[in-house]
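Here's a quick walk through one model, written for someone who likes to know the cut-offs. Have a look at the structure first, then read on.

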Amino acid sequence: MSNVVSIEKLKKVVGEAAFQELLNQLPGKNIYIPKNFNEKYHDRKKRNKLIRKDYAAGMEVSDLAAKYGLSRGTIYKIIEKH
């Protein structure tokens, strides 16, 4: 199943004015909307650095997953990449 949302559905959700503003400000761009957006951890690089730091300090993977709103699998991927 695709995560791509139709343009018409996006327009319906955000409204005509906001849709037009998106077109004006971000023409031709792909927009990713995370499932569990968290204002505190919206920058992935910084978030991943914090996750690795917490892990190095002894935090358990399950606790990291809960703290950052991610799956355990994602936490393992982040830890293994660095």
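Is K11 buried, exposed or partly exposed? With a relative accessibility of 24%, K11 counts as partly exposed, where buried means under 20% relative accessible area, exposed over 50%, and partly exposed in between (1.4 Å probe, protein chains only).

Before going further, a word on the ground rules. This is a predicted model, so local features need pLDDT of at least 70 and side-chain atom pairs count only at pLDDT 80 or more, while totals for chains, interfaces and linings use all residues. Residues are numbered from 1 along each chain as its sequence is written, and side-chain values use heavy atoms, with hydrogens and water left out.

**Salt bridges**

K11 has a charged partner: its side chain meets that of E16 in a salt bridge. The term stands for a side-chain nitrogen of Lys or Arg within 4 Å of a carboxyl oxygen of Asp or Glu. There are two of them in the structure:

| Pair | Closest N to O | Relative accessibility |
| K67 and D54 | 2.9 Å | K67 36%, D54 17% |

K67 pairs with D54 at 2.9 Å between the closest N and O atoms. This pair ties together distant parts of the chain, with K67 in helix 4 and D54 in helix 3, 13 residues apart. Helices here are DSSP runs (H or I, at least four residues), numbered from the N terminus. D54 is buried at 17%, whereas K67 is partly exposed at 36%.

**Helix 5**

Helix 5 covers residues 72-81, and its buried residues are I75, I78 and I79. Viewed down the helix axis they fall within an arc of 95° (taken from the directions from the axis to the C-beta atoms), so they line one face of the helix. K77, E80 and K81 are exposed on the other side. The buried residues pack against helix 3 (44-56) and helix 4 (61-68), contact meaning heavy atoms within 4.5 Å.

Leaving aside residues up to four places away in sequence, I75 touches I51, V61, L64, A65 and L70.

**A loop residue**

L26 sits in the loop between helix 2 (16-25) and helix 3. At 37% relative accessibility, L26 is partly exposed.

Methods. Helices (H or I, at least four residues) and strands (E, at least two) are DSSP runs, numbered from the N terminus.
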